[in-house]
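Hi,

Here is the structure I promised to pass on. Have a look at it first, and then read my notes below.

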Amino acid sequence: MNWTSVLLLALSTLAVSIYVDEPLLYDTFPPDFMWATATSAYQIEGGWDADGKGLSIYDVWMNDSNHVTDGTSGKVACNSYYFYEKDIEALRSLGVSYYRFSISWARVLPDGIGRINQPGIDYYKRLIAALKAANIQPMVTLYHWDLPQALELMGGWLNPSIADWFEEYARLCYTEFGNDVKYWITINEPWVIAYQGYGSGNTAPGTYGPGTFTYQAGHHIILAHAKAYRAYETQFKPTQQGKVGITVNINWYDPKDDQLENIEAAERALQFLGGWIANPIYGSGDYPDVMKQKVGDKSAQQGFNQSRLPEFTAEQKILVRGSADFFGLNYYTSYLTANKIQDISIIDYGYDQDIESYSDPTCYQSSFDWLTITPFGMRKTLQWIKDRFNDPEIIITENGISDRAGNLDDVMRVYYYKHNINSMLKAIKDGVRVTGYAAWSLMDNFEWGNGFTQKFGLFSIDFTTSDLNRTTKASARYYAKLVNDNGFMADQPCNNSPI
Ligand code: GAL
């Protein structure tokens, strides 16, 4: 090999391994595209024991300051229970047409089932009325992780009865709010609930069972979702005319190279993460074949007399299959993936996959180690969902980036939104049916185990003051311009950037 070919080889290796921005597409979104921002009850509301609210598993979990890096909790958070008008003012300045927020189950049903707490219902009625008065439509998540503690004491997501408990709660919400809410998301990110809540146990309720409880919780989540969907479909949809979906979190997984075993590993990672929840609901009515095979084989080798992955009965498959009007996607980031046969003695959903994955070190890094800036993954994930799950309507229910500094001149967040939203636009032009987009998040808020140290907001909040005013960041101005233009204008200097 001569020096020229060595140089060419080195350059070509660089070309594949270094992430380079794709050129922006200057075009617009469909005229009725839904622009939104997202939040969740525990992360913003505060009022943790106000007016008869019951305890949730996060009220209990965050009471232990060891569970939060900065020792804080969501007891007050952005105080939206009292300051929701400030949120609406911020939303108004963005010009968005939708706001995705979640209902705290224990605020409306303090014990999870049974007794209704009227002041809790009244709070969400006030919020919805004020949103509508501002011409902003509510997009409501029924469950964003804050299970009533009373239900956790009965086993939480490990108790099969939770499908009925959740249906009762969903019916109450449809009855009380359904005349004004046309988009319902049953459950946010089943993966986090099942694996982190009941698997690794590193978030509430902190139950450990990574290769067993994970799958059982996931199973009950899918059934609970399906029951809530069918309740709406048969009893409420004919008059209320809304749509019900579920939000699945999917990161993109690229193979680390073009070896077949790594290409298969990347698909397997996607199936274990996204297909686990999406295939029963949007696909065949059952878990992905690759999951059934991997978990089944490993369970047998490990001495279990049946697979650790539960089975759906024929009746349940009918209940679950097709139980959604749209696909809610939370997309944040991408990873590189390789095949790796894992230690069979470890009983864990993560190990069941026989993969290893890592962030591409050439991509920009956020303040979270799991979150690098990989806009290309947005377009690929959307196409993957279209191809695998029968071309559903898709709403991006979360997408965003964190920093620790919280600066108002948040140039990295502008970059993230510009390129991710542009990647989504390309997917739409490719024919993927994306109808809405919610930026995570409206404002800096309580980022679970990271307390107030990780900031995702378009608006900043000084959490040391009691007025907790929402202050516009550069990214909010950028997003407002994009929303107002309904796309990317070629004649704008600096690609729509205000900075
Ligand atoms: C999502 C979650 C949000 C928010 C976000 C940023 O998984 O639904 O509540 O915390 O991650 O980490």
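The ligand takes up the space of the largest pocket. By pocket I mean, on a 1 Å grid over the protein atoms alone, an open set of points where a 1.4 Å probe fits, with protein on both sides within 12 Å along at least five of seven lines; lining residues have an atom within 4 Å of a point. A molecule sits in a pocket if more than half of its atoms lie within 2 Å of its grid points.

Before you go on: this is a predicted model, where local features need pLDDT of at least 70 and side-chain atom pairs count only at pLDDT 80 or more, while totals for chains, interfaces and linings use all residues. Residues are numbered from 1 along each chain as its sequence is written, and side-chain values use heavy atoms, with hydrogens and water left out.

So what surrounds the ligand? There are 13 residues around it, and Q43, H144, N188, E189 and E447 come nearest (near means a heavy atom within 4 Å). That shell splits into six nonpolar, four polar and three charged residues. Here Ala, Val, Leu, Ile, Met, Phe, Trp, Tyr, Cys and Pro count as nonpolar, Asp, Glu, Lys and Arg as charged, and the others, Gly among them, as polar.

Some polar contacts (pairs of N or O atoms within 3.5 Å) are worth a look. The side chain of H144 has an N or O atom 2.8 Å from an oxygen atom of the ligand. N188 puts a polar side-chain atom 2.9 Å from a ligand oxygen, and a polar side-chain atom of E398 is also 2.9 Å from an oxygen of the ligand. On its own the ligand exposes 310 Å², and the protein buries 94% of that (areas by the Shrake-Rupley method with a 1.4 Å probe).

Back to the pocket. It holds about 1,100 Å³ of space, the volume being what is filled by probe spheres set on the grid points, which are joined across faces, edges and corners. Its lining has 41 residues, with W191, V192, Q196, N249 and W370 nearest the centre. α9 gives the most to this lining, with four residues; helices (H or I, at least four residues) and strands (E, at least two) are DSSP runs, numbered from the N terminus.

Two cis peptide bonds turned up as well. One runs from A204 to P205, with omega near 5 degrees, and P205 is in the loop between α9 and α10 (213-240). The other joins W440 and S441, with omega about 15 degrees.

Cheers

Methods:
Polar contact = N/O pair within 3.5 Å; in protein donor to acceptor, adjacent residues only side chain to side chain.
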